[in-house]
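Open the model in your viewer and keep the selection panel at hand. The stops below go one by one.

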Amino acid sequence: MARLIINSTPHEIEVDPDTPLLWVIREQIGLTGTKYGCGVAACGACTVHIDGAATRSCVLPVSAVGPDQQITTIEGLSPDSSHPLQQAWLQLDVPQCGYCQAGMIMAAAGLLTQNPNPSDEDINNEITNICRCGTYNRVRAAIKLAANGGEATQRG
Amino acid sequence: MNAIISISRRNFMIGVASTAGGLSIGFNLPFIKPALAEGAGTTPEVPEVNAWVVIRPDDTVVVRIARSEMGQGTLTGLAQLVAEELNCDWSKVTTEYPSPAKNLARDRVWGNFSTGGSRGIRESHDYVRMGGAVAREMLIAAAAAEWKVPASECTATKGVVTHAASDRTASYGQLAAAAAQMTPPANVTLKDPKDWTIAGRPLPRLDTADKLNGSQIYGTDLKLPNMLNAAIRACPYFGGKVKSFDAAAVAGMPGVRTVVQVGDTAVAVVADTWWRAKTALDALPVTWDEGPNRQVTSASIAAMLEEGLGADDAFIGNSQGDAGTALSTGRTVTATYAFPYQNHATMEPMNATALYTPERCEVWVPTQNGEASLAAAAEAADLPVQQCEVHKIHLGGGFGRRGMQDYVTQAVQIARELPGTPVKLIWSREEDMLQGRYHPITQCRLTGALDADGNLTALRMRISGQSILAAVMPQRMQDGMDPIIFQGLTAASPEGHIGYTIPNLLVDHAMRNPPIPPGFWRGVNLNQNAIYLECFMDELAHEAGVDPLAFRRKLMANHPKHLAVLDAVAERIGWNTPAADGVHRGLAQIMGFGSYVAAAAEVSVTDGQLRIHRIVAATDPGHVVNPAQIERQVEGSFVYGLSACIYGECTVNGGRMEQENFDSYEVMRMAEMPEVETIILPSGGFWGGVGEPTIAVAAPAVLNAIFAATGKRIRTLPLKNHDLA
Ligand code: FES
Ligand code: FES
């Protein structure tokens, strides 16, 4: 039995301790916004926050998460898609297929928490998620838009 | 319903096969029989106005979309075209996919479902617009009948029909039920694109909101009551199969329900969760019959292709003048290029969910071709197609891979072992990398002859390598020749012809098919053909001592559309003015998927480190349905094309692929992304594709810029294998 706090809700679950957090979230909690892309921490599709820090959940055994740690998934980033990043993403119409986008947004939210006004360099270093559809330039622009409180800067 | 019965499963399968996958030639759907004639609509509460349009009492307009949305924006673009003719209120538009079985039952009223070859819009714009226009006329007719006035006195704007003379109005929602009873007009006139107000505009996508908060459901996210999950491993050796496996070794592992052999080639574990299925699969002892290809390596494949470069047997794709004689005189330049295998690596791995009973089979699948999925399901279920159904789910990327149906077949084969229980099959990334339908491998030897003034008098291109059609759609081969191997290089084709007039030209193909399964991969053969042609043009210009733009322009007088896009990128990048210190430029142009495209790149190479600063792209797709989505497709195609150029390579060793995940199959990330500027130059009069064509010019423009920066000609990809210092 493990206790996990996901999007502020505590869950008591029966789980194999080695199970990666990703699969607990997707298959046992039933929140499927967090995606599987590689399973080896190479793509970022599975990014969630643990106590506010962006974390690739596909390689993190559920047993490594403490009972009081706050896990946030894309579903819990805001109750109504009102997070500044979600708003910026909407304004710039960023997603293509969308499969990588939850991970992108969660990685970007982790970055903005630590660094509210990231430079291009900071974004390059921190957002290493893969998008095969090729939304990178709009992801960058949306992060800057959100960092600027919704004021558009030149598109990067 | 007679239509269903008269279509035997076998005929249907053939019909589907001929339209599946990448480029379909000559698809010709007679204009849709108005759906009304076939009875009530598909949504029981609300009758459809016709096959394309359902309008609810609250004025919501549901536009039916036959093609698959996989990120390319076709859903929004097609809806714009229907809405344009319908004269509805765009803010009320939503979409739905009709089902493949329904399409079959209704005599293919929605036409082709296949989504590939950048054909979504260009191949269906006429009949979807017609669908919108017919529905509009039926709504007007319903209002006119109600008001007892001539229809010609009524107008329809923004979802409201108005009879000005009597000052009466009715909304589409109020009229829809009556409109459904109207006789569809025999003829409608489509609007001139210059009068468009919904189509042609940079409207936001219709499918963005759900992708921002986790609510968009992909195939991997599907939940059905009592559903089980399957993980699969197919023989990694091409041509091999399962010899034996020890199910008992994992039968007692947590959550495991069963271990099954899937066809000849694969084993799957079915468990309560996918993670448990995969864990047990990883522990399952399997012995493979490794098949006949254990000796095949990348080196042996390269040798096979090299032999083809000089072989006598070849299919001719374009022949002008007498290249052989012309090449024996004057100054000649020869070079050999090579393009490796690539994996599609969609972010969402292949998956499908199947529910089988002896009477019926249902499949939920992200597919680029719902009808091919239906055919595959029926075949695997061994049921008449009328007893099968496919539910199309949003795709987490496609790029051509999801035109193939191997994972559908597997899902049904597994579900047959558990009748009545839905089973969701998800491939691991490793499975996805090892069981690809790879971008085919080719090499090309080019020889050009220059006269004393540096004019190109002859060009010979010998392509040696793999045919996609031979493996995937043999019925489309022409007397043994694969016509699409020559994409972008043919003499005259609305699909894509060469943009240079070269007095003596010979392009031919020695087909060499290694035992690696090929598939349509975004851009298809245009990818390597553009590299071969456009990098070699640069080599020739260099040899002639002529500026690469000027060298090309001399050959392009008869190709004004090719020239226009090339000139546009050259002008925007400032070709005739010096670049910033340390920055170097390259150009490329080609035509493919019906569109004319060009790119100009700016790069720098510092201590061997490549940086792509900026790429300007231009495209002439004839007509523009949504310029904002075109910009996104251009940028996205560059990421895909440059990922291949810089990193992409699947290498073969011991008869199997070596790369198993993104740690060994690297792709481009944010830090490497250049600025992209897109110039859209619609010249009208034709409909070209958007999702693919520009992919092909990214790599040659960058490679030519690298030469300008370093003096190094990169003729084999990917770049990561080369030292640029
Ligand atoms: S799925 Fe976790 S990083 Fe790719
Ligand atoms: S939007 Fe498709 S992978 Fe990023």
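## Confidence, then the sheet

Colour chain B by pLDDT. This is a predicted model. Chain B has a mean pLDDT of 92, and 94% of its residues reach 70 or more. Now select residues 1-43 of chain B: the pLDDT there is below 50, yet this stretch has 97 contacts in the model beyond near neighbours in sequence. Where pLDDT is low, the predicted coordinates should not be read in detail. For the complex, the predictor gives an ipTM of 0.96 and a pTM of 0.93.

Next, show the strands. In chain B, 5 strands form an open sheet, in the order E13-E21-E20-E19-E14. Its pairing is mixed. Which strands are at the edges? Select 315-320 for E13 and 331-339 for E14, both in chain B; each pairs on one side only. From one strand to the next, the twist averages 10 degrees.

Last stop: helix H15, residues 526-544 of chain B. This helix also packs on the sheet, touching E14, E19 and E20 of chain B. Its direction makes about 150 degrees with that of E14(B).

Methods: Residues are numbered from 1 along each chain as its sequence is written. Chains are lettered from A and ligands numbered from 1 in the order in which they are written. This is a predicted model: local features need pLDDT of at least 70, side-chain atom pairs count only at pLDDT 80 or more; totals for chains, interfaces and linings use all residues. Side-chain values use heavy atoms; hydrogens and water are left out. Two strands pair if DSSP finds at least two bridges between them. Helices (H or I, at least four residues) and strands (E, at least two) are DSSP runs, numbered from the N terminus. Axes are lines fitted to C-alpha atoms, for helices over the stretch in contact, and angles run from 0 to 180 degrees between N-to-C directions. Contact means heavy atoms within 4.5 Å. pLDDT is the predictor's confidence in each residue, from 0 to 100.
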